[in-house]
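Please examine the sequence and the structure shown below. A briefing on selected features follows, grouped by topic.

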Amino acid sequence: MIPADSMPSLNARASSVGISPTMAAAAALCKHPDPVDLTVGEPDFLPPPEAREAAVAAIREGRTKYGPAAGLPALRDAVSQDLARRDGVARAAENTILTAGGKAAIHDALRCILNPGDEVLIFAPYWPTFRDQVLWCGGVPVIVQPGADLLPSVESIDAALSPRTRAVILNQPSNPTGRVWDAERLAHLAKVARERNLWIILDQVYGTVTYDGPERPFLAQAPDLADRCVVVESFSKRFAMTGYRLGSASAPAPLITAMVALASSTVTHPSIIAQHGALAALALDGSWQRETVDSLRVRRDRAHAALSGLPGIEVQLPQGALYLFPKVSQWMASHGVASDGELVARLRDEVGVKTLSGAAFGAPGHLRLSIAAPAAELEKGMERLQGFFGAK
Ligand SMILES: Cc1ncc(COP(=O)(O)O)c(C=O)c1O
């Protein structure tokens, strides 16, 4: 091991922003001999066969050289068309860049938007990466606290604004709650964004994973905001292509041009092999996607039913995404458990169910459980949770 005590120092950001809490918790060691992992938001399906074959064919046929920094033109076009079909906003291929996952799309957009000290509104409960990325990009995350329904009130949105506010990040359906905002909140956010000249980063990586009715993309409801929105999409959840590391951002051309310049100096472009797989995935007729969402809906309903009615536990039915986010604070209070971190450790080590703490998502007193685990594992996990919460 190389000694670390006399090395030169890291910068302030690298010293203060830690590893993603969700990745750290997923990697935590478990004392139970037969753990059930409900931490990771990764569908257990394989990607569609066409996407796998297309990626393999690209390797076999040697289509593996450097490509354009913005991504393959055909894929930029396919992503733009796909998005336009869903949200009704016509886009040119020049309005889209391919990125190494949705994560990189959000990061690169923030990197091109923020000046040091600019504030970004993030709505709790939030995906912790939003906060960390704002910090990595020199901005200031401003957390908007939710009401009892786990959504922000219009008053709390107004109270969080300041002259330094530069952007908001809206993630729907949300990780971790699976919620989608109602029309009144969306209209208020749209009004504020117009009045204050804000960017809106729309994280739609779970957009197609909706269980009770059609997808409701934000821009379909406020198309006149397209000139200030960055729509972030991903092949990870929609096509179970997590390890391909492919996502996209669609936005006004000047921002995309800046993001292409950034990519050209950093990653060059996301994997060409993955891009060929993605082209095949987008060319599918939608039946693979419907079948996988149907399978996830069964798991959502089963997991929700298993936790509903347990004493001291409140659980909402998520409208989309891959998670349940039960409120466990009452159970904790009546069982002398001081923090949801302590509860997560007990669940992990005593009954072998790995979960994430609500505190990591800015909402202490909750747990995040992934419903994307294989159905049999999820069933086993739910039985153990029922035993734990029901019996103790
Ligand atoms: C809310 C949200 N946005 C973006 C992502 C990024 O996914 P990827 O980088 O795999 O596209 C995730 C992944 O878990 C997520 O939960």
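In strand S6, the residue opposite Ile169 is Ile201. The model is predicted: local features require pLDDT of at least 70 and side-chain atom pairs count only at pLDDT 80 or more, while totals for chains, interfaces and linings use all residues. Residue numbers start from 1 along each chain as its sequence is written. Helices (H or I, at least four residues) and strands (E, at least two) are DSSP runs, numbered from the N terminus. Two strands pair if DSSP finds at least two bridges between them.

- Strand S5 (residues 165–171) and S6 run parallel and are joined by five bridges.
- A residue is called buried if 20 or more other C-beta atoms lie within 10 Å of its own, exposed if 12 or fewer, and partly exposed in between, with C-beta atoms placed from the backbone.
- Strand S6 (residues 199–203) is mostly covered, since five of its five residues are buried.
- Trp199, Ile201 and Asp203 point one way from S6, whereas Ile200 and Leu202 point the other way, and all are buried.
- In a regular strand, side chains alternate between the two faces of the sheet.

**The largest nonpolar core**

- A nonpolar core is a set of buried Ala, Val, Leu, Ile, Met, Phe, Trp, Tyr and Cys residues joined through C-beta atoms within 7 Å.
- The largest such core has 97 residues, of which Ala109, Val168, Ile201 and Val230 touch the most other members.
- Helix H5 supplies the largest share of this core, seven residues.
- The core lies between domain 1 (12–46 + 287–391) and domain 2 (64–282), because both give residues to it; the domain bounds come from an automatic or database domain assignment.
- Val168 touches Val120, Leu121, Leu189, Ala193, Leu198 and Ile200, not counting residues up to four places away in sequence; contact requires C-beta atoms, placed from the backbone, within 7 Å.
- In soluble globular proteins, nonpolar side chains tend to be buried together.

**The shell around the ligand**

- Of the 13 residues around the ligand, Gly101, Gly102, Lys103, Ser234 and Ser236 come nearest; a residue is near a molecule or strand if its C-beta atom, placed from the backbone, lies within 6 Å of it.
- Helix H5 (residues 101–113) gives the most to this shell, with three residues.
- The shell has two nonpolar, nine polar and two charged residues; Ala, Val, Leu, Ile, Met, Phe, Trp, Tyr, Cys and Pro count as nonpolar, Asp, Glu, Lys and Arg as charged, and the others, Gly among them, as polar.

**An open sheet**

- Three strands form an open sheet in the order S9-S12-S11, with antiparallel pairing.
- Its edge strands are S9 (323–324) and S11 (356–357), each of which pairs on one side only.
- S11 and strand S12 (residues 367–370) run antiparallel and are joined by two bridges.
- Leu356 has Arg368 in S12 as its bridge partner.

**Backbone features in loops**

- Ala124 and Pro125 are joined by a cis peptide bond with omega of about -5°, and Pro125 lies in the loop between strand S3 (119–123) and helix H6 (128–136).
- The peptide bond from Asn175 to Pro176 is also cis, with omega near 25°, and Pro176 is in the loop between S5 and helix H8 (183–196).
- Leu150, although not a glycine, has a positive phi of about 65°; Leu150 counts as partly exposed because it has 19 C-beta neighbours inside 10 Å.
- Ala240, although not a glycine, has a positive phi of about 55°; Ala240 counts as buried because it has 22 C-beta neighbours inside 10 Å.

Technical notes
Contact = placed C-beta atoms within 7 Å.
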